[in-house]
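Please look through the briefing below alongside the sequence and the model. It moves from single side chains to the chain as a whole.

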Amino acid sequence: MKLFPEFQVQVLRKLEIKLRKAEAYRWAALEGSGEPPSLRTVGAGAAAAGGGGLPSPYARPPAAAARDWDAIAAELRRQEEQEKPEGEEALNSLFQKIYADGSDDVKKAMAKSFTESGGTVLSTNWNDIGKKKTEVKSPDGMEFKKWES
């Protein structure tokens with residue numbers, strides 16, 4: 001195993017040393033036996049780079065190279081958007097969308113109103129919520145009681 005003499009040392013609570021390999025292949029173990037590795041995968045990467053027909057072991061396998069991962073991710077996002085949540089899940093996703101698309105004032109108003117009211121009020125109007133403490137508004141037929149610790 002050959003290493004380039006250039007190295008980087010960083011000392012915090014532990015000693016971390018980063019070395020760059022002279023040849024790009026995966027080591028089976030940190031300490032070698034002194035003999036060069038005998039098996040490498042063959043591909044077009046190293047042959048094009050002048051490696052004598054030995055490819056980079058980090059080259060993609062043929063099955064993975066044929067996949068368009070951006071298209072797969074776009075398809076999954078499209079499928080998630082088409083799914084219509086129901087009940088509490090729909091309400092939660094609506095609030096998450098409002099929070100994600102909202103300005104900083106909307107986010108502050110939602111956080112402040114929800115925490116100060118014990119989860120009974122959710123407002124997006126920072127001009128109203130920012131001026132005063134948000135009062136608890138219990139649902140009809142229920143009464144708010146503070147817990148004693």
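In this predicted model, Asp101 has a relative accessibility of 56% and therefore counts as exposed, since the cut-off for that class is over 50%. The side chain of Asp101 meets that of Lys97 in a salt bridge, with a distance of 2.9 Å from N to O, and Lys97, at 53% relative accessibility, counts as exposed too.

**Salt bridges within helices**

- Side chains of opposite charge can pair when their charged atoms come close.
- The structure holds five salt bridges, and the one between Asp101 and Lys97 lies in helix H4, where the two residues are four apart and so are separated by about one helical turn.
- Another of the salt bridges joins Arg78 to Glu75, whose closest N and O atoms are 2.5 Å apart; both residues lie in helix H3, which spans residues 69–82, and they are three residues apart, about one turn of the helix.
- Arg78 counts as partly exposed because its relative accessibility is 37%, and Glu75, with a value of 32%, is likewise classed as partly exposed.
- In helix H5, Asp105 and Lys108 are three residues apart, which means that about one helical turn separates them, and they form a salt bridge in which the closest N and O atoms are 3.6 Å apart.
- The relative accessibility of Asp105 is 38%, so this residue counts as partly exposed, and Lys108, with a relative accessible area of 42%, is also partly exposed.

**How H4 and H5 meet**

- Helix H4 covers residues 88–101 and helix H5 covers residues 104–116; the two pack at an angle of about 135°, and their axes are 7 Å apart.
- H4 and H5 are therefore oblique to each other, because an angle would have to be over 145 degrees to count as roughly antiparallel.
- On the H4 side the contact is made by Phe95, Ile98, Tyr99 and Ala100, while H5 contributes Val106, Lys107 and Met110.
- Sorted by class, the residues in this contact of H4 with H5 comprise six nonpolar, no polar and one charged.

**Ser123 in a loop**

- Where does Ser123 sit? Ser123 is placed in the loop between H5 and helix H6, the latter being residues 126–129.
- Is Ser123 buried or exposed? With a relative accessibility of 16%, Ser123 counts as buried, because the limit for that class is under 20%.
- The side chain of Ser123 reaches the backbone nitrogen of Asn125 at a distance of 3.2 Å.
- When residues up to four places away in sequence are left out, Ser123 touches Ala109, Met110, Ser113 and Ile129; Met110, one of these, is also among the residues of H5 that make the contact with H4.

**The chain as a whole**

- The protein chain has six helices and two strands, and along the sequence these elements follow the pattern β-β-α-α-α-α-α-α.
- Of the 149 residues of the protein chain, 9% count as buried.
- Among the contacts in the protein chain between residues at least 6 apart in sequence, 16% join residues that are at least 24 apart.

Notes: Residues are numbered from 1 along each chain as its sequence is written. This is a predicted model: local features need pLDDT of at least 70, side-chain atom pairs count only at pLDDT 80 or more; totals for chains, interfaces and linings use all residues. Side-chain values use heavy atoms; hydrogens and water are left out. Axes are lines fitted to C-alpha atoms, for helices over the stretch in contact, and angles run from 0 to 180 degrees between N-to-C directions. Angles under 35 degrees count as roughly parallel, over 145 as roughly antiparallel, 65 to 115 as roughly perpendicular and the rest as oblique. Contact means heavy atoms within 4.5 Å. Ala, Val, Leu, Ile, Met, Phe, Trp, Tyr, Cys and Pro count as nonpolar, Asp, Glu, Lys and Arg as charged, and the others, Gly among them, as polar. A salt bridge is a side-chain nitrogen of Lys or Arg within 4 Å of a carboxyl oxygen of Asp or Glu. Buried means under 20% relative accessible area, exposed over 50%, partly exposed in between (1.4 Å probe, protein chains only). A polar contact is a pair of N or O atoms within 3.5 Å; within protein, one must be able to donate a hydrogen and the other to accept it, and residues adjacent in sequence count only if both atoms are side-chain atoms.
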